Amino acid sequence: MSDWARPGSPGAAVSRERVLGRVRAAIGRAQGAERDVAAEYAALPRGYLRAHHDPAEHDIVALFAERAADYRAVVESVTTAALPAAIARVIADRARAGGTGAWFAVPAGLPPGWLSRVADGTPGVRLAGDDPPLSALELDSCAGVVTGCALAIAETGTIVLDHGPGQGRRALTLVPDFHLVVVRHDQVAADLPDALAGLDPALPQTLISGPSATSDIELVRVEGVHGPRTLHVLIATADCQG
Amino acid sequence: MSMPTYLGMPAFPEAAAEALANPQLRRNLAHATGTIRTKRAAAVAELTDWDELRAAAKAIKDHTLANLDHYLLQLEEKVTAAGGQVHWADGAAEANAIVASLTRAAGTDTVVKVKSMATQETGLNEALAAEGITAIETDLAELIVQLGRDRPSHILVPAIHRNRAEIREIFRREMPDAPAGLTDDPAELAAAARSHLRRAFLSATVGVSGANFAIAETGSLVVLESEGNGRMCLTLPETLISVVGIEKLLPSWRDLEVFLALLPRSSTAERMNPYISTWTGVRPGDGPRAFHLVLLDNGRTTALADKIGRQALRCIKCSACLNVCPVYERVGGHAYGSPYPGPIGAILTPQLRGMSSAADQALPYASTLCGACYDVCPVAINIPEALVHLRSLAVDSRRHARFQTDFPAERLALGAVAWTLRGRRRLAFAQRAASASRKLFGASGSAAWTRRLPLLGGWTRTRNLPVPPPESFRAWWARTRQDDASPDSPPEIAPGLPSPGTAPRQTGSGTADE
Ligand code: SF4
């Protein structure tokens, strides 16, 4: 290893001090000089809106559905009671498309009941847990993955995974070509500020807005490059809303 | 400070002249920048508080830069606490050496890369190749550029200068596993790239990335992307190395509420780009087992020391300024001779690389100072102000250079470009002359006598003039700017450019390229 690459080596320490020294010289601060960075930060202007659609005036779950669909995710709303049947139907359709032997990856911690109807819809369909962890090659050969999410953002049509229970580690929702994700109506935040405040930065976060896409060739949008080419969103509405 | 200049890189005027002579390039560029401009305007108009978001972004970045030592130390502490390792790189060579030795230590000679401006700036791929390490670019456009042995020409759409037929040819020639009968349908081309890269992703042990933001308060890194190749590189390898410029810091996680509202709309004209990944150190059982953050200076502290130039460090690389720039739209990204093209490149590159080369002294002149870039910039960088400031520095640095008696050819040339843009009669004359040369010399000719033309000579003293484009700048201006300007009122020209009356006579020797 070269000297630079070893933290704590003389070379590395020299670079660190040199860069920090140049930063301090450039901004005209002596090391350790008194300043109240926190107070300066707190005084920064933040005249922007906390939400572009006020939840008191707008149906933000409907807004989320509309905006997620804008980016060509498949979006359906179902009642919470009808959710297991809907999951079974989506998996059955996908399994048929995937041919015989189609199997689906399932993270630990999915709410009990979500997958209770799968066997009725598609006899013989296999659900594989991720413990011990599936290899990347195995994930590449599965027909899809079913997860929940941490929350969703209405304004941008975004789903956020924090890879906690029911969501799986990051590779699980990345390598398979099909991702079925369930969003509960009470998980939808109006806009970025509320959503970010509800996330724990210590966890890895993945914000998903539609399926993977590229516009690199003549700016023609093509859905599906390396991430799942199909993103299917089931929004579980409150039962009383029908 | 070093940023490798592109091999054989001509200074802006010459490169611009070559680009101007490429009608395919001009068509691709005009189509692309026009399309993005329109979409972006709609995405921005959707947010009624755009101005407030922009003001907040500017204030947050300025505050961060003014307290950069504080935030860098905080970031280092948090990343380390979360199980990452922080390295500091003075310049490009150090950053590249760190990546190379970490790759070696991981026991591999291949890395998968997600598009990163910082590693383009340091010339990482070439440096790794010299050490026997292969870097695989995984962004579709970067792959097109890499397979075409080409240079990126746009921050956001690096292969913007290639059309679908050209891309199909590159894939058929350079991609051994490209399907037989591959057509030029973008969906088919994307699918070919998907299967081509999948094996590399699934077997990768080292991933290399940049980052859009680094959060000091939490030690979190943030990457925005569209294709999922970023997630692959950030998630599947055992070792992740992120090379991040020291200007990428934000104080708090909360600040993302501002920048995630501004960046996708301003760059891809989307409410949100398909994927954003954030991670903090390493997470057992999920993703890489080792995380290395390489903090890169490479000239940034020089820019930081300049009160006017410093604002370039607010840049979030959205590329909106490229798409509104009449000079960029005309000449494309390659002419700037830097990974950072367009208006931002014209103020950032000379500051990062220093103003010692003729090419970098010329860059601040690659503009008409029309101000469109300032208007669209989501972090309110006053690019025209910085350009004028850097022009004065370029003049100063020339005065101190050893060839001080020789008038800088690039400056004269760009002055001439601007002067040509300004004056209707001069422009008409130059074009008549140029298209006459085209008629005289045919499709592949070059015209030695154009060296004597008062305007074009400055561009071409060390090279023969490429065949003038079938469509002249003025005609293009008239065609594409009918709504906002008549052909007779080209953009404002800044004071300080050589005026025709004061431009010294050209002499036959001493261009800076020689
Ligand atoms: S200078 Fe402003 S508009 Fe240009 S790329 Fe940077 S942030 Fe975007």
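This is a predicted model: local features need pLDDT of at least 70, side-chain atom pairs count only at pLDDT 80 or more; totals for chains, interfaces and linings use all residues.

How many residue pairs are in polar contact between chain B and chain A? I get 41, taking pairs with both residues at pLDDT 80 or more.

**Entry: who gives what on chain B.** I went through the side of chain B that touches chain A, and helix α10 (residues 186–203) gives the most to that side, with 10 residues. Sorted by class, this side of chain B has 54 nonpolar, 25 polar and 24 charged residues.

**Entry: extent of the contact.** I looked up the residues taking part and found 103 from chain B and 76 from chain A. The buried area between the two chains comes to about 7,800 Å², and carbon and sulfur atoms give 60% of that.

**Entry: salt bridges.** I checked two pairs by hand. R22(A) pairs with D297(B), with the closest N and O atoms 2.6 Å apart. This pair crosses between chains: R22(A) sits in helix α1 (residues 10–27) of chain A, and D297(B) is in the loop between β10 (290–296) and α13 (300–305) of chain B. The second pair is R16(A) with E76(B), where the closest N and O atoms are 2.6 Å apart.

**Entry: domains of chain A.** The domain assignment gives me domain 1 (10–43) and domain 2 (60–237). I looked up how their C-alpha centres are placed, and they lie 44 Å apart.

**Entry: the ligand.** Which residues are around the ligand? I listed C315(B), I316(B), K317(B), C318(B), S319(B), C321(B), I344(B), C377(B), P378(B), V379(B), I381(B) and I383(B). By class, that shell splits into 10 nonpolar residues, one polar and one charged.

Entry: Against that, I flagged the peptide bond from D131(A) to P132(A), which is cis, with omega near 0°. P132(A) is found in the loop between β3 (126–129) and α6 (136–141) of chain A. I also flagged A269(B), a residue other than glycine with a positive phi, near 60°. Where is A269(B)? I found A269(B) in the loop between α12 (256–267) and β9 (275–280) of chain B.

Notes. Residues are numbered from 1 along each chain as its sequence is written. Chains are lettered from A and ligands numbered from 1 in the order in which they are written. Side-chain values use heavy atoms; hydrogens and water are left out. Domain bounds come from an automatic or database domain assignment. A residue is near a molecule or strand if one of its heavy atoms lies within 4 Å of it. Ala, Val, Leu, Ile, Met, Phe, Trp, Tyr, Cys and Pro count as nonpolar, Asp, Glu, Lys and Arg as charged, and the others, Gly among them, as polar. Contact means heavy atoms within 4.5 Å. Buried area is the accessible area (1.4 Å probe) that two parts lose on being put together, summed over both. A salt bridge is a side-chain nitrogen of Lys or Arg within 4 Å of a carboxyl oxygen of Asp or Glu. A polar contact is a pair of N or O atoms within 3.5 Å; within protein, one must be able to donate a hydrogen and the other to accept it, and residues adjacent in sequence count only if both atoms are side-chain atoms. Helices (H or I, at least four residues) and strands (E, at least two) are DSSP runs, numbered from the N terminus.
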